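Below are some notes on the model you sent, written as numbered points. Please read them with the structure open beside you.

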Amino acid sequence: MAERLKDMILEQDRRCEQFTQEMQARDFERWQLLQLLHEKDARLAGQDAMVVRQRAVLSSSMASTRHYRVVLSFRSWAELLWSASAQRALARARARASSE
């Protein structure tokens with residue numbers, strides 16, 4: 001009976017040691033997965049920040065484009081006015097020259 005009890009205790013001790021090793025292995029795997037998760041979260045946060053910066057740059061670029069379009073439109077309009085004024089002045093000069 002004592003021998004049987006001793007064998008049972010040894011078997012329980014062996015199982016306990018196995019369970020402890022399995023638990024340690026699972027804890028290590030869990031720790032590794034958590035590390036990977038933290039790395040992924042950091043990468044995603046970095047990508048989110050990059051998207052925000054790119055949107056800001058795009059918005060600024062679009063505003064600059066609108067500004068230059070307005071400036072070019074104004075310059076074209078001014079050139080058109082100058083050209084029409086020059087044409088009128090030339091026509092007046094020709095009219096004066098032909099009347100003299």
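1. Salt bridges. The structure holds two salt bridges, a salt bridge being a side-chain nitrogen of Lys or Arg within 4 Å of a carboxyl oxygen of Asp or Glu. This is a predicted model, in which local features need pLDDT of at least 70 and side-chain atom pairs count only at pLDDT 80 or more, while totals for chains, interfaces and linings use all residues. Residues are numbered from 1 along each chain as its sequence is written, and side-chain values use heavy atoms, with hydrogens and water left out.

2. Arg14 and Glu11. Side chains of opposite charge can pair when their charged atoms come close. Here the side chains of Arg14 and Glu11 meet in a salt bridge with an N to O distance of 2.3 Å. Arg14 and Glu11 are three residues apart in helix H1, so about one helical turn separates them. (Helices, H or I with at least four residues, and strands, E with at least two, are DSSP runs numbered from the N terminus.) Arg14 has a relative accessible area of 41% and is therefore partly exposed; Glu11, at 27%, also counts as partly exposed. The classes are buried under 20% relative accessible area, exposed over 50%, and partly exposed in between, with a 1.4 Å probe and protein chains only.

3. Which residue forms a salt bridge with Glu11 at 3.5 Å between the closest N and O atoms? That residue is Arg15. Glu11 and Arg15 are four residues apart in helix H1, so they too are separated by about one helical turn. Arg15 is partly exposed because its relative accessible area is 43%. Through salt bridges that share partners, Glu11, Arg14 and Arg15 are joined into one network.

4. Aromatic pairs. A search of the whole structure finds two aromatic pairs. The ring centres of Phe28 and Trp31 are 6.0 Å apart and the ring planes are at 25°, so this pair is stacked. By definition, rings of Phe, Tyr and Trp (its six-membered ring) pair if their centres lie within 6.5 Å; planes under 30 degrees apart count as stacked, over 60 as edge-to-face and the rest as tilted. Both Phe28 and Trp31 lie in helix H1 (residues 2-99), three residues apart, about one turn of the helix. Phe28 is partly exposed, with a relative accessible area of 47%, and Trp31 is partly exposed with a relative accessible area of 47%.

5. The other aromatic pair. Phe74 and Trp77 form an aromatic pair that is tilted, with 5.8 Å centre to centre and 40° between the planes. Phe74 and Trp77 are three residues apart in helix H1, so about one helical turn lies between them. Why does Phe74 count as exposed? Its relative accessibility is 52%. Trp77, at 49% relative accessibility, counts as partly exposed.

6. Nonpolar surface patch. Leu5, Met8 and Ile9 make a nonpolar surface patch of about 300 Å². Patches are made of residues with over 30% relative accessible area and no salt bridge; like charges are joined within 9 Å, and nonpolar side chains (Val, Leu, Ile, Met, Phe, Trp, Tyr) within 5 Å. Leu5 has its place in helix H1.

7. Ala2 is found in helix H1 and is exposed, with a relative accessible area of 62%. Its C-alpha atom is separated by 16 Å from that of Asp13, 11 residues apart along the chain. Arg4 lies in helix H1 and, at 60% relative accessibility, counts as exposed. The C-alpha atoms of Arg4 and Arg26 are 33 Å apart, with the two residues 22 residues apart along the chain.

8. The chain as a whole. The chain has one helix and zero strands. Taken along the principal axes, the C-alpha atoms fill a box of roughly 145 × 10 × 10 Å. The radius of gyration of the chain is 43 Å, whereas a compact globule of 100 residues would have one near 13 Å; the radius is taken over C-alpha atoms, and the globule rule is 2.2 Å times the number of residues to the power 0.38.

9. Surface totals. How much of the chain counts as buried? The share is 0% of the 100 residues. The accessible surface of the chain comes to about 9,700 Å², of which 60% belongs to carbon and sulfur atoms. Accessible areas come from the Shrake-Rupley method with a 1.4 Å probe, and for residues only the protein chains shown count as cover.
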